[in-house]
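Good morning, and thank you for making time for this item.

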Amino acid sequence: MKVTRVSAEVYAKPHDPPITNGKYTYTHSKNVVVRIQTDEGIEGVGICGGLGLPSGRDVLVTVIENMSEAVIGEDPFNVERIWDRLYQPKIFGRKGLTTRALSAIDIALWDVVARAVGQPLYRLLGGYTDEVRAYIAGGYYEAGKGIPELQDEMLGYVEQGANAVKMKIGAVSLREDERRVAAVRDAIGDEVDLLVDANNAYVTADAVRMARILESYDAFWFEEPVSPDNMAGSAAVANSSSVPVAAGENEYTRWGFRELFESDAVRIANPDAMVLGGITEYRRVAALASAYEIPIAPHGLQEIHIHLLAAFPFPLILEYYNPNVAGLNEVMFHEKLELTDRGTVMLPQGPGLGVEFNWDALRQYREE
């Protein structure tokens, strides 16, 4: 089997109203989708996040088109060789956009491979479990959204079947965010796990103060308290409180995660295959995390990461997005991953990613 074509398309669906976390405001749900065709008629699809920039040709598309020259003509089963050809720091760079582009290509290759052997991706990678626990991610700041609306949102997730939910902090004062956290804990009760995410909003001193505040509300974790470049600060936060620090969604490659682990900066790792270098590199990060006995709860699109969480031992929890957070999910796939009343998600059993893209529904959101 040989790769005959690599293409990339950008899709964006507006958030109405825009949503804000501790540091960033998102006006669109946006993805770059890579499609890889082969001479045997098998197509694989990969995804990475689109840039949060005005409409127009995404830089990632140009990078992917340049990288495709190293992929066309290759056997898609040779994922390691292709990865090594694409990870060329002198040519493409070490981190950032080029590694995200590599990620989308690599995910598409693994989709091809799994489809070629007729297996769901998680079984091909290891097949540790057929069901994973999930939390619903939300709790963003929005215009006109006060504490009562936040409580209603989080309680709605519990009624949907979740026994773990995540909310945002960091965009307002510590005292105001404490009131928001207290209100959510009051709404969902003591039996539901509450995850809290700052998205790099704090300096170390404020993050330490917030970590101690979160102890009072039995937070499941404190995610990305400081800048991803401030590993010493993350370690200080991790060592200041009983609330575990989770991070890694903005980290790249096994070498970046090695530094994260050696710095004692996290208690839970949040690798994102759409960022760090694809599934090929995610496997290496998962192996590294196991050596440090650090549990993994991947960040990012559930249709991809459910396979990665379920493939390896000791899966912690899956990030699950509703359409209010990831609007493209509502139209992107024919199949929907649904929460059970146990707060879990069953693994799709179709070949590859196990979900089929709804290209007709996506067409209206394509950016040229």
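Helices (H or I, at least four residues) and strands (E, at least two) are DSSP runs, numbered from the N terminus. This is a predicted model, in which local features need pLDDT of at least 70 and side-chain atom pairs count only at pLDDT 80 or more, while totals for chains, interfaces and linings use all residues. Residues are numbered from 1 along each chain as its sequence is written, and side-chain values use heavy atoms, with hydrogens and water left out.

Let me start with asparagine 31, which lies in strand 2 (residues 25–38). Asparagine 31 is buried, at 9% relative accessibility; buried means under 20% relative accessible area, exposed over 50%, and partly exposed in between (1.4 Å probe, protein chains only). Its contacts (heavy atoms within 4.5 Å), not counting residues up to four places away in sequence, include Tyr11, Cys48, Gly49, Gly50 and Met332.

A pocket is found on a 1 Å grid over the protein atoms alone, as an open set of points where a 1.4 Å probe fits, with protein on both sides within 12 Å along at least five of seven lines; lining residues have an atom within 4 Å of a point. The lining has 45 residues, of which Tyr26, Lys30, Gly49, Gly50 and His299 lie nearest the centre of the pocket.

Next, the salt bridges. A salt bridge is a side-chain nitrogen of Lys or Arg within 4 Å of a carboxyl oxygen of Asp or Glu. By this rule there are 26 salt bridges.

Glutamate 74 pairs with arginine 85 in a salt bridge, with the closest N and O atoms 2.5 Å apart. Glutamate 74 is in the loop between helix 1 and helix 2, and arginine 85 is in helix 2, eleven residues apart. Glutamate 74 is buried at 5% relative accessibility, whereas arginine 85 is partly exposed at 40%.

Glutamate 80 and arginine 283 have their closest N and O atoms 3.0 Å apart. Glutamate 80 lies in helix 2 and arginine 283 in helix 11 (residues 278–291), so this pair ties together parts that are 203 residues apart in sequence. The salt bridge between arginine 284 and glutamate 80 has an N to O distance of 2.2 Å.

Finally, Phe77, Val117 and Leu124 make a nonpolar surface patch of about 230 Å².

Note on methods. Patch = residues over 30% accessible without salt bridge, like charges linked within 9 Å, V, L, I, M, F, W, Y side chains within 5 Å. Areas by Shrake-Rupley, 256 points an atom, 1.4 Å probe, with all protein chains shown as cover.
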